[in-house]
Amino acid sequence: MSGVKAPEHGAELGLPASGAAAPGPPGRAAAARRGRLTSPWAVRLLSVVVVTTVWELLGRTDPTVASYPSAIASAAVDLIGDGPLLAAFADTLEGLAVGFVIAAVLGVAIGYLMGMFRLVEVALDPYVNALYATPRIALVPLLVLWVGIGFELRVTIVVLSAIFPIIMNVHIGTRNVDRDLVDTGRAFAASRWQLLRTVTIPGSLPYVFAGLRIGTAKALVGIIVAEMTAAATGTGQLLLQFGRYFETDKLFVPIIMLGLLSIVLVEAMYAIERRAMPWRRTER
Amino acid sequence: MRLSLDTRAGVWTVRVCTLALLLGAWQIYADGISRALFAPPTEIAESFVEIAINDDALLDAAVVSMGSMLVGFALAIGVGVAVGVAMGRFRILEHALDPYVSFLYAVPSIALIPLLVIWFGIDATLRVVLVFLAAVFPIIVNTMAGVKQVDGELIDVARVNCASERQIMRSVILPAALPFVFAGIQVALAQALVGVIVAEMTAVVTGLGGLIIRYAQFFQTAKLFVPILAVMALSIVLTALLRMLQRRIAPWATVDLREL
């Protein structure tokens, strides 16, 4: 795997090393090295078929506990046709989107400020580090007291969940900009603003995107927690409701949808990243 | 005199000033509003003495939380590294398992809580299983990535020199993969902490998460801050311990960029 400097530091911060975590095709180089025994997709297909069949057979013996694939499929059709699922999902997405945009804007700004001004860096570093390391969801009950249990709560929790990985990665990104480029810029009398625009920002973009990618994943966790613990809406509430009535087949549907949503979001971030940095092939 | 921000003294001056400013503003602001909503630092300190020093409430809760958290986390490391190495070494296994690993890695593990309650009830098993599920996938995924990126030539050299499979594993693959394994464990730690606190807040009202919920329900805001700060402190300590361990076990694996 070549040219993966940035994602490696990202790995320090929670990015799966060299993007191998992403559900994509595994390294082709490795495949060539070890030789192909069987087609990967044949193995995957076989594996999925076997697991689904076994689950179907076992699940039928005790459907309340395990449920089974065909029941889940028909529950999915019902739920999607009927409406509660899509409405709940739209609710979740709305909070997620608003919160994430706020977190991205603030997080990137704070990260660059920390990178550009030593005073800001020294003053904020301890708090950013501390909050980055702690589960911010412990703050949920406190936030309920402050902002209630409405839309604001969900947005606040999403912001808190997503912003610290973003600040952290942007900040580290500014530190990892090639010193020689900065010196060259200075030597040619570039202003602070010019230096930021032409050297620091492009040089740190890989980290910014790593931060945004981790941020999306954390934001999703944040909104589900908010919906499950305090704000009685959205997908989180649906999960609790199906769980409470032991509707196991229905319960699987939002879980699977959340998994798919998470994959789609991460893929979308990769797509934007490739768009924004055409000079750099993103390692998958 | 202008204090340089590149010296230790300068850095700490700024930090202490920031902290003093923050606490001062907090104290003044909190004095003016309802105790049900906010509490000044002095009252939080009093509550801390009350809950943590005069009483065992905080300690008991921390033991409950950390107990299930550490058991689940240890299991996740054992299973995660083993599965990750196996998937990295054997392509059939990799392809057979990667649909589930990729998918379950993507699902926010806390969304599984209602399902796990149906399966395991609401006692300690639930928390251990949840922590395990939250932590195991980042470890598997990163370990596998680490094993797969091992320089093939190193393995060939070992083989040419008649190393056994076990020797190759011990002296080539594991050391080369360790930085990745640690990266995975670090991600896993954060997720495990979230998992245990959320489980305690939603399914079983116990441990530190339970304490948080209880104080919040009775609007005991000064006390509420104590378990919240305890969760933060514990997370910071565990993260630091992990970093120390990493520097100890695999000094070549440290890419620590935050030197301050």
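This is a predicted model: local features need pLDDT of at least 70, side-chain atom pairs count only at pLDDT 80 or more; totals for chains, interfaces and linings use all residues.
**Exercise 1. The chain A–chain B interface**

Task: Find how many residues of chain A are in contact with chain B, and which helix of chain A gives the most to that side.

Solution: 
- Step 1. Count both sides. In chain A, 64 residues are in contact with 60 residues of chain B.
- Step 2. Look for the main contributor. Helix H6 (residues 118-133) of chain A gives the most to the side that touches chain B, with nine residues.
- Step 3. Sort the chain A side by class. That side has 43 nonpolar, 13 polar and eight charged residues.

**Exercise 2. H9 and H10 of chain B**

Task: Decide whether H9(B) is roughly parallel or antiparallel to H10(B), and list the residues that meet.

Solution: 
- Step 1. Recall what is needed. Two packed helices are described by the angle between their axes and the distance between the axes.
- Step 2. Take the values. Helix H9 (residues 207-217) and helix H10 (residues 221-249) of chain B pack at about 160 degrees, with axes 8 Å apart.
- Step 3. Apply the cut-off. Angles over 145 degrees count as roughly antiparallel, so H9(B) is roughly antiparallel to H10(B).
- Step 4. The crossing of H9(B) past H10(B) is left-handed.
- Step 5. Name the partners. From H9(B) come B:Leu208, B:Leu211, B:Ile212, B:Tyr215 and B:Ala216. They meet B:Lys223, B:Leu224, B:Pro227, B:Ile228, B:Ala230 and B:Val231 in H10(B).
- Step 6. Classify them. This contact has ten nonpolar, no polar and one charged residues.

**Exercise 3. H5 and H8 of chain A**

Task: Work out how H5(A) is oriented to H8(A).

Solution: 
- Step 1. Take the values. Helix H5 (residues 84-116) and helix H8 (residues 151-175) of chain A pack at about 30 degrees, with axes 6 Å apart.
- Step 2. Apply the cut-off. Angles under 35 degrees count as roughly parallel, so H5(A) is roughly parallel to H8(A).
- Step 3. H5(A) passes H8(A) in a right-handed crossing.
- Step 4. Classify the contact. Its residues divide into 20 nonpolar, seven polar and two charged.

**Exercise 4. H9 of chain A**

Task: Find how many residues of H9(A) are buried.

Solution: 
- Step 1. Count. Helix H9 (residues 179-187) of chain A has nine residues, and the number buried is zero.
- Step 2. Conclude. H9(A) therefore lies largely in the open.
- Step 3. Check the backbone just after H9(A). There A:Ala189 takes a positive phi of about 60 degrees.

Technical notes
Residues are numbered from 1 along each chain as its sequence is written. Chains are lettered from A and ligands numbered from 1 in the order in which they are written. Two residues are in contact if their C-beta atoms, placed from the backbone, lie within 7 Å. Helices (H or I, at least four residues) and strands (E, at least two) are DSSP runs, numbered from the N terminus. Ala, Val, Leu, Ile, Met, Phe, Trp, Tyr, Cys and Pro count as nonpolar, Asp, Glu, Lys and Arg as charged, and the others, Gly among them, as polar. Axes are lines fitted to C-alpha atoms, for helices over the stretch in contact, and angles run from 0 to 180 degrees between N-to-C directions. Angles under 35 degrees count as roughly parallel, over 145 as roughly antiparallel, 65 to 115 as roughly perpendicular and the rest as oblique. A crossing is left-handed if the near helix is turned anticlockwise from the far one by less than a right angle, and right-handed if clockwise. A residue is buried if 20 or more other C-beta atoms lie within 10 Å of its own, exposed if 12 or fewer, and partly exposed in between; C-beta atoms are placed from the backbone.
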